[in-house]
Amino acid sequence: SKIVIATHNSGKAKEIEELLKPFQIQIYSAKDLNLTEPEETGSTFHENAKIKALSAAKAANMTALADDSGFCIDALNGDPGLYSARWAGPSKDYPMAMRLIHDKLSNHQNWAAYFISVLCIALPNGKTQEFEGRIDGDFIWPPRGDHGHGYDPVFQPVSYDKTFAEMTDAEKNRISHRALAFQKFIKTCF
Ligand code: ITT
């Protein structure tokens, strides 16, 4: 069987490819297939994941797996949340986005944060199913580590003394929001 990973975020693509490795699946990337990015017009992670998976499944005529995810801060009412990518702007300036969060948190005591991932699997016939994963932790400052992507250097999961960016890819991929959503997907679909 074959599947297209409907993301244009190379950090995510790498993690999902790694998670799929133990399974006998031929993997295609959205970039390989020249898929265009649909507009993420949904108002929830579930809606956006579905938009991306369906768009890729139809365009490629293949089963598609999409991820919509975000970094959420309790004290900021869940921001950047659904808009995590946009906070870094078109130039993907994550250091700037992380500083912005830090500035906004300066007069808050509570730095609790979490990541959400919603994976959506879509078939070319329009059938879809979603799986959600969440990992809780804290925003930390200054940023630490140079692995991973996005907000990884400022997130430390509960009961770990390393940020996501200080973990190896394999370590992060065992515990992350994306890995948790993926486990639910595997349980249901395999
Ligand atoms: P695609 O839509 O093409 O998949 P994207 O980067 O635009 O790529 P999202 O709209 O889902 O994806 O935005 C999610 C953002 O949340 C992402 O750009 C990161 O900034 C952040 N994020 C999600 N998962 C993360 C992780 O595991 N580590 C660090 N940051 C993460």
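Let's start with strand β3, where Ala64, Ala66, Asp68, Gly70 and Cys72 point one way, while Leu65, Asp67, Ser69, Phe71 and Ile73 point the other way, and all are buried. By buried I mean under 20% relative accessible area, with exposed being over 50% and partly exposed in between, using a 1.4 Å probe and protein chains only. Strands here are DSSP runs of E with at least two residues, helices are runs of H or I with at least four residues, and both are numbered from the N terminus. In a regular strand, side chains alternate between the two faces of the sheet. Since 10 of the 10 residues of β3 are buried, the strand is largely enclosed by the rest of the structure.

A quick word on the source: this is a predicted model, where local features need pLDDT of at least 70 and side-chain atom pairs count only at pLDDT 80 or more, while totals for chains, interfaces and linings use all residues. Residues are numbered from 1 along each chain as its sequence is written, and side-chain values use heavy atoms, with hydrogens and water left out.

Now, which strands pair with β3? Strand β4 pairs with β3 in the antiparallel sense over 10 bridges, and the bridge partner of Phe71 in β4 is Phe115. Two strands count as paired if DSSP finds at least two bridges between them.

Strand β1 also runs parallel to β2, residues 26–29, joined by 4 bridges. Between β1 and β2 the chain passes through α1, and this β-α-β crossover is right-handed. That label means that, with the strands pointing away from the viewer, the path from the first strand over the helix to the second runs clockwise.

Have a look at α1 itself. Asn9 caps its N-terminal end, with a side-chain oxygen 2.9 Å from the backbone nitrogen of Gly11. The buried residues of α1 include Gly11, Lys12 and Leu19.

Over in helix α2 we find Lys52. Is Lys52 buried or exposed? Lys52 is buried, with a relative accessible area of 10%. Its side chain reaches the backbone oxygen of Asp67 at 3.0 Å. That is a polar contact, meaning a pair of N or O atoms within 3.5 Å; within protein, one must be able to donate a hydrogen and the other to accept it, and residues adjacent in sequence count only if both atoms are side-chain atoms.

On to the pockets. A pocket is an open set of points on a 1 Å grid over the protein atoms alone, where a 1.4 Å probe fits, with protein on both sides within 12 Å along at least five of seven lines; lining residues have an atom within 4 Å of a point. The largest pocket is lined by 40 residues, with Asn9, Lys12, Glu40, Ala85 and Lys92 nearest its centre. Which strand gives the most to that lining? That is β3, with 5 residues.

The second largest pocket is lined by 14 residues, and among those nearest its centre are Thr63, Ile121 and Phe185. Ile121 sits in strand β4 and is buried, with a relative accessible area of 11%. From C-alpha to C-alpha, Ile121 and Ala30 are 14 Å apart in space, and 91 residues apart in sequence.
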